[in-house]
Amino acid sequence: MKMIGSDYVLEAHNIFHTTEASVDGGGCFNGAGNSALVLKGVNLTVHSGEVMAILGSKGCGKRALLDVISRRADGATRGQVLLNGSPLSKALFQQRCGYVTQSCTFVPGLTVAQTLHYTPTILSGYLKSSKVRQVLADLALSQVAHKRVEYLNISEARRLAIGIQLVRDPVMLLLDEPTHGLDPLSAYLLISILSNTAKKTGCGILLSLEKPRSDVFPFLDRALFLCLGGVVYSGGTRAMLEYFHGIGFPCPQLENPLMYYLCLSTVDRRSRDRFLESSQQIEALVERFSRETPISDAPLNNMGTGKVPLAYGKPGELKVWVMLYLKLLASTFSCGLVGMKTLFLRLLLLPLAMSLLWAFYTNVGDDSHGFFTKNGLILNILGLSYACGILTTISLFPIWRKKFSQDTPEGLYSGTTLLIAYNSVSIPFSAVSAVLASCVIYPLLLDSKYNNGLVFAYLLVALWSSFVLAEQLSIAFLLVVKIPFNAAIAVTYVLVISIALASGTVRSFKGLQPWLQDNTKGTHTRYASSLLHSIAFQTRKLNCTPTASVICPKPADFMHERLGLPDPDETIDVAASCAFAVGLAAFNMLLYLFPMPRCVRQKFKD
């Protein structure tokens with residue numbers, strides 16, 4: 001397949017874009033607000049190996065223009081965006097271009113080199129390693145290649161975000177204010193690196209700047225000045241000086257031309273008179289530039305038409321899954337606090353929680369008091385299993401959810417691919433954790449001398465399915481809830497109701513209304529609790545001698561009162577418990593396939 005050579009060009013012709021501002025910050029139920037025209041007839045051209053800066057004050061439309069070009073913008077758009085004369089569709093941009101936003105999330109525990117290596121690309125093996133080393137060198141990151149990402153300073157993190165895109169060999173790279181928050185030296189270093197990268201690789205670079213310094217002027221080949229969505233100037237930086245001089249605005253000596261003309265293109269809001277005067281001047285500048293530099297609707301690079309390979313630059317779904325899986329494993333087994341925290345939550349949290357029950361439930365008899373005490377023990381086992389699943393998920397999954405929301409516009413993988421990779425790591429760990437927890441809690445429910453492998457399997461299923469169900473329920477809520485604590489509260493509320501109504505530990509089955517008794521059959525808690533009750537009361541011979549002061553309940557009568565079944569079927573309970581956990585995991589994979597409303601996407605974007 002033929003690749004794009006050094007003659008490619010990105011063009012935007014007569015771009016108009018309207019956004020809708022939502023009421024009260026864009027809540028999902030607030031409705032749409034007033035629409036605003038944020039881009040008005042914008043034209044630009046970027047050739048291979050060039051660096052073009054979009055300059056303007058806050059709110060002038062810089063980000064909106066980048067979003068329109070990358071096909072990420074919400075709202076109505078008119079005009080053409082072309083790559084080598086071919087319409088730049090969303091799929092084509094994802095395959096051949098890159099976009100570095102201001103917010104870029106890294107997976108903690110990974111090093112800089114690992115972060116680049118596990119970025120999905122069409123390269124593999126030696127070629128991938130060579131490309132990673134090249135990007136590290138080009139971005140001056142070789143010295144921190146083995147530094148974990150959570151310890152990077154803002155300059156290193158910004159360069160790493162750029163490196164993630166450069167590893168994929170984009171022909172056009174868009175950057176949203178890459179120097180924002182950087183000190184002058186770091187900003188100069190970053191722009192110089194981008195300029196060198198453009199010249200070395202032939203990649204065209206389009207970036208936005210709000211406060212450009214004079215020392216970055218030599219690195220810019222083209223500039224686009226925006227004000228209130230209109231173009232004050234678009235073209236080469238050398239021609240810019242001649243253009244403004246020709247219309248009566250020469251740049252004074254020893255003045256930063258970028259800032260000088262940026263101020264010229266900015267509305268003065270210090271007073272009403274200055275606002276009106278500056279607005280009229282800017283409107284005149286926009287009108288004059290539009291009149292003196294008309295741009296045809298035809299593409300400027302007709303010879304490049306048709307040279308864009310649509311299938312190049314995007315790895316297959318299986319390859320992306322492997323990269324996600326390896327990234328999850330690398331983060332889990334990383335050396336440091338992040339790795340230790342992850343391993344503790346995945347492996348040791350549930351056994352440790354079960355071990356706490358030994359302080360309260362030792363030497364429990366088989367009389368009536370012992371029956372109710374063991375009923376409380378079952379309540380605590382269920383509650384702690386659910387709680388451990390929630391805590392583990394809200395501690396580990398949100399970073400992957402946020403990364404997914406940022407990677408979705410790039411089209412590299414679907415939510416299903418992410419969850420398959422995540423569950424491929426999480427479920428085996430949860431199974432091992434449940435085995436350890438079962439070993440801890442088994443002697444409390446049964447006599448330690450009474451060893452029965454089948455009963456141990458029942459206990460294992462009850463703990464594992466409870467943990468996984470809480471985990472998957474948390475994942476479902478985290479799809480639309482950004483704050484993990486809020487998601488944990490919502491999941492806890494659902495599971496507390498389930499325990500109260502279906503476990504037989506808080507309220508007996510006979511104490512429920514008939515319609516509630518039927519509805520408990522649709523909960524996981526009913527079947528997991530039934531398994532635990534069977535283990536505690538029916539799998540061994542009870543040691544109780546009735547006396548005047550000691551009452552020895554019959555297990556069948558007790559379970560009929562608490563669960564509505566004198567003799568539960570353990571096979572059905574095992575199948576139902578596993579079905580709820582696995583079924584919810586499958587449901588989440590489907591749920592994460594659906595596109596999210598704009599309010600949800602905006603929430604995770606911000």
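A search of the whole structure, which is a predicted model, finds 17 aromatic pairs. One of them joins Phe333 and Phe429 in a tilted arrangement, with 5.9 Å from centre to centre and 45° between the planes. This pair links distant parts of the chain, since Phe333 belongs to the loop between helix 10 (317-332) and helix 11 (337-356), whereas Phe429 belongs to helix 14 (residues 415-445), 96 residues apart.

- Phe404 and Tyr413 form another tilted aromatic pair, with 6.0 Å between the centres and 35° between the planes, and here Phe404 and Tyr413 are both buried.
- A single aromatic cluster is formed by Phe225, Tyr233, Tyr243, Phe244, Tyr260, Tyr261 and Phe289.

**Charges over rings**

- Arg78 lies over the face of Phe16, at a distance of 4.5 Å from the ring centre.
- Over the ring of Tyr422 sits the charged end of Arg346, 5.3 Å from the centre of that ring.

- Six strands make up an open sheet in the order 6-7-8-3-9-10, and their pairing is mixed.
- Strand 6 (97-100) and strand 10 (230-236) stand at the edges of this sheet, and because each has a single partner strand, one side of each is left without a neighbour in the sheet.
- On average, and with direction ignored, neighbouring strands of this sheet are turned by 15° against each other.
- Within the sheet, strand 7 (residues 172-175) pairs with strand 8 (residues 204-209) in the parallel sense, over four bridges, and Met172 stands opposite Gly204 of strand 8.

**Helices lying across the strands**

- Helix 6 (residues 184-201) lies across strand 3 (51-55), strand 7 and strand 8, and its direction makes an angle of about 160° with strand 8.

Notes: Residues are numbered from 1 along each chain as its sequence is written. This is a predicted model: local features need pLDDT of at least 70, side-chain atom pairs count only at pLDDT 80 or more; totals for chains, interfaces and linings use all residues. Side-chain values use heavy atoms; hydrogens and water are left out. Two strands pair if DSSP finds at least two bridges between them. Helices (H or I, at least four residues) and strands (E, at least two) are DSSP runs, numbered from the N terminus. Axes are lines fitted to C-alpha atoms, for helices over the stretch in contact, and angles run from 0 to 180 degrees between N-to-C directions. Contact means heavy atoms within 4.5 Å. Rings of Phe, Tyr and Trp (its six-membered ring) pair if their centres lie within 6.5 Å; planes under 30 degrees apart count as stacked, over 60 as edge-to-face and the rest as tilted. Buried means under 20% relative accessible area, exposed over 50%, partly exposed in between (1.4 Å probe, protein chains only). A charge sits over a ring if NZ of Lys or CZ of Arg is within 6 Å of the ring centre and within 35 degrees of the ring normal.
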